[in-house]
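I opened my notebook to jot down what I looked up in this model. The entries follow in the order I made them.

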Amino acid sequence: AVFLLRLSCGPPDVGKMLGGEEKEEDPDAAKKEEERQEALRQQEEERKAKYSKMEAERESMRQGIRDKYGLKKREVAEAEAAAAAEEPAAGSLTRPKQAVPKGCGDEEEEESIMDTVVKYLPGPLQEKVTGWLK
């Protein structure tokens, strides 16, 4: 048994040296390889057909859910979000500058605001603040 193991585990030419037959090349090897490749291609096509059928079923189920709950497709929602992001927002820092709104920067109005504030201060403090402003 040990001798047989050595023959099977030894170098590939051991069988020839001991008088074994040489392994002949199969004349139909090219034809068999071509058939094997064709079988692989056919299996791949069947797998792709099965996958596309399953994906179509999933998409119909997704569409049913979208219709039921009023949702949009992910691609459509992302496109709308991107379009909204491109439009300048009302409070954006990049929007064009507008004229200064009323109450911001008018000196006359600022004085009237100060007068209103000073009016609510206690008497002695009101006199001090009025003295500082002048």
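**Entry 1: a cut-off to start with.** I call a residue buried under 20% relative accessible area, exposed over 50%, and partly exposed in between. I looked up Arg58 first, and at a relative accessible area of 39% it goes down as partly exposed. I also noted that this is a predicted model.

**Entry 2: the whole chain.** What pattern does the chain follow along the sequence? I read it as α-α-α-α-α-α, and the tally is six helices and zero strands. Then I checked burial: of the 134 residues, 4% count as buried. The chain exposes about 12900 Å², and carbon and sulfur atoms supply 56% of that area.

**Entry 3: helix H3.** This helix covers residues 29-69.

**Entry 4: Glu44 and Arg47.** I went looking for salt bridges next, and the count for the model is nine. One of them joins the side chains of Glu44 and Arg47, at 2.8 Å from N to O. Both residues sit in helix H3, three residues apart, which is about one turn of the helix.

Entry 5: I found its partner, Glu55, with the closest N and O atoms of the salt bridge 3.6 Å apart. Arg58 and Glu55 are three residues apart in helix H3, so about one helical turn separates them. Glu55 comes out at 26% relative accessibility, so I wrote it down as partly exposed.

**Entry 6: Arg62 and Glu59.** This pair also makes a salt bridge, and here the closest N and O atoms are 3.0 Å apart. Again I had two residues in helix H3, three apart, about one turn of the helix. Arg62 is partly exposed at 34% relative accessible area, and Glu59 is partly exposed at 27%. Which residues do shared partners tie together? I traced one network of salt bridges through Glu55, Arg58, Glu59, Arg62, Arg66 and Lys73.

**Entry 7: a nonpolar patch.** Which residues make the nonpolar surface patch? I listed Met61, Ile65, Tyr69 and Leu71, and the patch is about 460 Å². I picked out Ile65, which lies in helix H3. Its relative accessibility is 42%, so Ile65 counts as partly exposed.

**Entry 8: Lys128.** My last stop was helix H6, residues 123-133, where Lys128 lies. Is Lys128 buried or exposed? At 53% relative accessibility it counts as exposed. I also looked up Lys128 against Val118: they are 10 residues apart in sequence, and their C-alpha atoms are 9.8 Å apart in space.

Methods. Residues are numbered from 1 along each chain as its sequence is written. This is a predicted model: local features need pLDDT of at least 70, side-chain atom pairs count only at pLDDT 80 or more; totals for chains, interfaces and linings use all residues. Side-chain values use heavy atoms; hydrogens and water are left out. Patches are made of residues with over 30% relative accessible area and no salt bridge: like charges are joined within 9 Å, nonpolar side chains (Val, Leu, Ile, Met, Phe, Trp, Tyr) within 5 Å. Accessible areas come from the Shrake-Rupley method with a 1.4 Å probe; for residues, only the protein chains shown count as cover. A salt bridge is a side-chain nitrogen of Lys or Arg within 4 Å of a carboxyl oxygen of Asp or Glu. Helices (H or I, at least four residues) and strands (E, at least two) are DSSP runs, numbered from the N terminus. Buried means under 20% relative accessible area, exposed over 50%, partly exposed in between (1.4 Å probe, protein chains only).
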